[in-house]
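Subject: Structure for you to look at

Hello,

Here is the structure I said I would pass on. My notes on it follow.

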Amino acid sequence: MIGKGILKGMVETARNLTGSFHDTDRLTTVEYPEQKIPAKENARNFPFLIYDGDDWETGLRCVSCQICEKECPPQCIYIEKDKEKKPDFLGKMQMQPKIFDIDVSVCMGCQICVEVCPFESIRMDNDFEYAGSDRFKSLLLTKDQLAKSNKYYHSIHPTEAQETDEIRVQKREDHLAKEKAKAEKLAKAKEEAASKAALSKAETAKEE
Amino acid sequence: MWFEELLIAIKHYLVLQMPGSLQPVGSAFLSCLPIMTSFGGLFALATLLERKMLGRIQNRYGPNRVGPGGLLQPVADGIKMLTKEDIVPKNADHLIHFLAPLGLLVSAMLGLSVIPFGHRLIALDIETGILFFFAVGAASELAIFMAGWGSRNKYALLGALRAIAQMISYEIPLILSALSVLMVVGSLSLSDVVQAQSGGIHTWHIFTPWGFLGCILFLISTLAEINRSPFDIPEAESELIAGHMTEYSGFKYALFFMAEGVAMFAMCALTATLFLGGYHAPFPILSFIPGPVWLFGKLTSLVLLFIWIRGTMPRLRADQLMEFAWKFMLPMSVVNLIAAGIWVALDGGVAAWISSGLLNFVAYFGWSRILSQASRFSPRTYRYAEEAGVSE
Amino acid sequence: MGALGTPLMYAFRERERILDLFESLSGARMMCNYMRFGGCRCDVSADWIKQAQSVVEAFPQFLDEFEALISENEVLMARSQHVGILKPELAIDAGVAGPVLRATGVNYDLRKVDGYGIYDRFQFRVPLGDHGDVYDRYMIRVLEMRESVKILQQALAEIPNGDYVNPKAKLRGFRPPPGEAYGRIEAPKGELGFYLISDGSPKPYRYRVRPPSLINLTILEDMCLGQTIADAVIILGSIDIVLGEVDR
């Protein structure tokens, strides 16, 4: 009989029509610029560079090892090394990037750069409101735009940032222990050398 | 009645203020002015209502940015349309291209002139009101063809031909189903049709077997006649370009939509007049509320029904649309005419109810069964593959 | 085909719920990047499993609603039945896979044929069509969604505790031995296969994806022959192509 299926569909749309007035499950729209859904903790969008302390230029963790540049599947990262070195958080002299660009119009947010970074430098941001009047320039983020503080990282991904900090504390401890061991070794060697020297001095004195 | 009398008195007063030679023209002008202004404004509101309601049907908000709750959206749309460039193709027939949207709008507006909005509240009270209505309605086909022809664009021409084929096909069941009412009332005048339903809700034509089927057939034909979903083949926006409106832009394009909207109001008003008691209240107690209010209420509910249908139905294919018109609508409206004839012959009453109701019922179910078998579509059940290859 | 996308909007509503789950687990809605060699990238929380269960449980209701809206609609049936018929022989010859193939009545589901992953542990049925037309392809997809809900329910009940990734698995930089390999899965659109030739270095010597959409699209012409132009739109829609994949 013609019309039964149509009537069934009409009942369904009527249910949705009335449902959208009282049922938030049906009316799922969020009116974006005024209301926003709080970002989920895991949410990620594009990468950014972390810096420690207050000055982004001296605190930048990146040492321009270029691993992320090589691993990036759509190749949206461009790095150029700087000739000048600067000390990192362990006090070692490290390279630093002169240019670090990410083309967010190419980036697909796969997080591979984050996983391969051995210096905990590049992490995922959850900011999605990139809009520009220019097709190329405003979506090509440069080093100063990418650099964001560790505090900001803590504010967007608290658990992950905590883990990252722990890794770095561990690294520092390891480094300190290493340094200590090295220093002890050095001191020991010095002592030995000194005692040897003293010994040989004594020997020569004896001979005379 | 008081409201209608008041309006008529105001009009007579204003006409009498005019110099004698101008009085006939002035009277006509004063009759037209309220219709044209109110339906123009109503059309703007209807577009907003349509978008809002479709949004709600689809679990969206609909337009709510311009003005409080989106109320100024039609104004914004109008400004946008007015400020757009009006492009006329170089080789187009400029005069016809220009006249087509006007002709469509005028024919839609003229249809409203014979609708009785209240007691004695009718712009053009002629004996053959309904004939006039369908005659000017047919002029809209001419306007659509002018649009297709004048554009000098093959897609526009093909779209116009499709639109005309559809409108002419559906005009037959439209008129035949209206004819059942005229048979029973025995007059072509719409005032008489309304007067025949003045006794309250039980005298409305929709609550008779022939009126019920006639009303449904009339509404379906109306949908096709004003190119609304599911019969919006002429401008199937997701499948075709805009049919006969391909070469129109700016305010001429808006005029097409306005004509469509006004035609929808005219058709809904005619449906309300023919089947839903026109400007009469459903219960005589409620007749202190003015007639125009009732008519507009009925009209609005019909418009809402159209929007509801639009939100539910997929679109038919052009050949299926024709098939539906000629194989289903036409036979059913003829059967309905016979049922109305039985009603007249038996002069109402229980016997007429049973016989004409039975006729319509049997015809509808039998014919729809035969048709759906002939067109080979039906709900299906599906089998499942099992590991051993045994179907369930 | 009209209706101003009402069914589409309802489907979007449910899709958002699923994408929200993806986002809260892996961080991204589409580009999840969650699978790893030997496990997953991060652990799921008990809370997430609860959310997933509620979404999976609510899904059949949505399917009922969706089917009430259009499955028996006469207009839809008139438009899609006996339109764009695909013969099983042609489908097999053209290498079509997935719902499009099963709608022609060929019992071929890689989850059953290969039994890869842990699909042999789940109870589910494979719906088959009899006509191979547009309506069959639509209904097969709806029925498969119902079966998928069953699979998900079984899978969510059986998620084991323990490591989420094999600690011994090497995540990157491996050197597969020289040779070739072909892996395939049953993707929503059909058979998704990856063919690799290795020469022993970390980078593959040759690498090819067997895209389901591209191969399903090749039969569009055969299905459209003898149909009207208005039907071409819904036939194309019924193959359910992703143009990004076709245009690779």
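The largest nonpolar core has 118 residues, and the members that touch the most others in it are B:Val262, B:Ala266, B:Cys268 and B:Ala269. Helix α9 of chain B, residues 250-275, gives the most to this core, namely 15 residues. Please keep in mind that this is a predicted model. In soluble globular proteins, nonpolar side chains tend to be buried together.

If you want one residue to start from, take B:Cys268. Apart from neighbours within four places in sequence, B:Cys268 is in contact with B:Leu299, B:Leu302 and B:Val303. There is also a second, separate core, of 23 residues, and among them are A:Val63, A:Phe100, A:Val104 and A:Cys107.

Next, the contact between chains A and B. It takes 14 residues from chain A and 14 residues from chain B. On the side of chain A that touches chain B, 7 residues are nonpolar, 6 are polar and 1 is charged.

Chain C has an open sheet of 3 strands in the order β4-β5-β6, with antiparallel pairing. Strands β4 (179-187) and β6 (206-210) of chain C are at the edges; each has a single partner strand, so one side of each is left without a neighbour in the sheet. From one strand to the next, the twist averages 10 degrees. Strand β5 of chain C, residues 190-198, is joined to β6(C) by 5 bridges, and the two run antiparallel. To find the pairing on screen, look for C:Leu196, which stands opposite C:Tyr207 in β6(C).

Two backbone angles are worth a look. Most residues other than glycine have a negative phi. A:Gln111 is not a glycine, yet has a positive phi of about 80 degrees. This residue, A:Gln111, is in the loop between β5 (97-103) and α4 (112-116) of chain A. Is A:Gln111 buried or exposed? A:Gln111 has 21 other C-beta atoms within 10 Å, and 20 or more count as buried, so A:Gln111 is buried.

The other case is C:Asp240, also not a glycine, with a positive phi near 60 degrees. C:Asp240 lies in the loop between α10 (229-239) and α11 (243-246) of chain C. Here there are 19 other C-beta atoms within 10 Å, so C:Asp240 is partly exposed.

Regards

Terms used:
Residues are numbered from 1 along each chain as its sequence is written. Chains are lettered from A and ligands numbered from 1 in the order in which they are written. This is a predicted model: local features need pLDDT of at least 70, side-chain atom pairs count only at pLDDT 80 or more; totals for chains, interfaces and linings use all residues. A nonpolar core is a set of buried Ala, Val, Leu, Ile, Met, Phe, Trp, Tyr and Cys residues joined through C-beta atoms within 7 Å. A residue is buried if 20 or more other C-beta atoms lie within 10 Å of its own, exposed if 12 or fewer, and partly exposed in between; C-beta atoms are placed from the backbone. Helices (H or I, at least four residues) and strands (E, at least two) are DSSP runs, numbered from the N terminus. Two residues are in contact if their C-beta atoms, placed from the backbone, lie within 7 Å. Ala, Val, Leu, Ile, Met, Phe, Trp, Tyr, Cys and Pro count as nonpolar, Asp, Glu, Lys and Arg as charged, and the others, Gly among them, as polar. Two strands pair if DSSP finds at least two bridges between them. Axes are lines fitted to C-alpha atoms, for helices over the stretch in contact, and angles run from 0 to 180 degrees between N-to-C directions.
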